[in-house]
Amino acid sequence: MRRRFGWSVTVLLALAGLVVQALPASAATSYLTLEATYGNVANGWDHVERYLDSTPGFHQEQFPPDGRGDQDGQRVTFFGGVKEPFSGRFLLYSAPGWNTGAHQVPVLLVHGANDNADRAWADPGESGGYGCGALSCPDTGLMQDLAGRGYRVFAIGFAQKQGDNLMQAQEVGDAIALIRAKLGVPQVDLVGWSKGEMSARAYVSSLKPSWGRPYAGDVRKLITLGGPNGGYDYPYAHGWAHDFSIWPECGGSINAPSPHLDMTCYGTVTAHPEFSFVPTGGYDDYPGQRQMLARWDQTFGVDQTQQDWYTTYYGGQGFYTSGTGIQAAIDAGSLVVPLQQAGVPASVSTYLLAGGSPDVVGIFNEDRGPSDGVVFEASALDSTGIGKLAGTALITGANHLELGWDSAASAQVVSWLG
């Protein structure tokens, strides 16, 4: 592009905050291509880069056909105008001070399900109360807090908001390799929130696809925020309430999987295989959610106030719904036990943060046992398979969606980062 149109076009693009590039990465990351850099970025980020990992094995993941899982906001621009990007592409966000901060070890933030690096870390109020978990949402988050304290902060953005955690773990490794090359440092600290814990932990545990690369020994600390270390079963335990936020015929529009294959809404039976946890009818739109499942019915029971509670959790035909049950979904690819068996190496100091306030705005909150509204405290603090548990904490006043910006949670993360 520069050779064909000349210097003037490059200057205009730079002034517009966009410089398109097609440059190979360093020899250590020769499978990565920097496709574009964006300098005119909302929410206080310094710049955003888009990379392509050309490793064979990455593939185009499916998206719900009604568009609810598509990229939105400025992320569409960052992904080159593509709302359903190829899963081998990812975004690397750099905060102010990314190359000048006083703290030697940089920090990589890994967002959770149905989310993005902007809302998760820089503007919790981007999606209103549903996004931040509270009636009043701040417009700054952990990114600004850490950057203001002199940390060199980065964040990754994934192509598929509910995507395969094993592919995303490979991209976590990619991001770390890029950060190390940029700054000339040996290690990075990882902070994984909710589903982001799965890909961050999978990376350091060398749990990978057959074509993937193993852990490179380049993580000093792993911090999880509300991470389902012991799995979760919320969608199956509270299936009826959960489905009303998803099923379009019932007024739902949330980008999340359903425990049911069909459901009766206002007298009409409809089927939506595209929302299934289990690959069904040629659809598999939510592999990352399936990978977080584990049964908690023996510990906390099942919510028997929900319509069709038994068939929802254990499978079968209920009065208004039918589904395969949680065990079939676990058998189709949960990563909870494989992650625990793979183990986090003792060379990685691991810290577990849990929320203790089940008051997330806009959802039916997990109420069968102590939780943050979505994940049980016992799951978030489950240390099975962790080689060096360096610290745990419970933020009693924070729910699942507040853990990324609550002041007490941020203070705890800062304390652990050191």
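A disulfide is counted here as a pair of cysteine sulfur atoms within 2.5 Å. In this predicted model, the count by that rule comes to 2 disulfides. Counting the bonded cysteines along the protein chain, the disulfides follow the pattern 1-2, 3-4.

**Disulfide of Cys-132 and Cys-137**

- The sulfur atoms of Cys-132 and Cys-137 lie 2.3 Å apart, and the two residues form a disulfide.
- The link of Cys-132 and Cys-137 is left-handed, with -70° about the S-S bond.
- Cys-132 counts as buried because its relative accessibility is 0%.
- Cys-137 has a relative accessible area of 27%, so it is partly exposed.

**Disulfide of Cys-250 and Cys-265**

- Cys-250 and Cys-265 form a disulfide in which the sulfur atoms are 1.8 Å apart.
- This pair links distant parts of the chain, 15 residues apart: Cys-250 is in the loop between α10 (239–244) and β9 (262–265), and Cys-265 is in strand β9.
- The link of Cys-250 and Cys-265 is left-handed, with -85° about the S-S bond.
- Cys-250 and Cys-265 are both buried.

- Ser-194 is found in the loop between β7 (188–193) and α8 (195–204).
- Ser-194 is classed as buried because its relative accessible area is 14%, and the cut-off for buried is under 20%.
- Apart from neighbours within four places in sequence, Ser-194 is in contact with Gly-112, Leu-225, Gly-226, Gly-227, Pro-228 and His-400.
- From C-alpha to C-alpha, Ser-194 and Ala-380 are 8.8 Å apart in space, while 186 residues apart in sequence.

Terms used. Residues are numbered from 1 along each chain as its sequence is written. This is a predicted model: local features need pLDDT of at least 70, side-chain atom pairs count only at pLDDT 80 or more; totals for chains, interfaces and linings use all residues. Side-chain values use heavy atoms; hydrogens and water are left out. Helices (H or I, at least four residues) and strands (E, at least two) are DSSP runs, numbered from the N terminus. Buried means under 20% relative accessible area, exposed over 50%, partly exposed in between (1.4 Å probe, protein chains only). Contact means heavy atoms within 4.5 Å.
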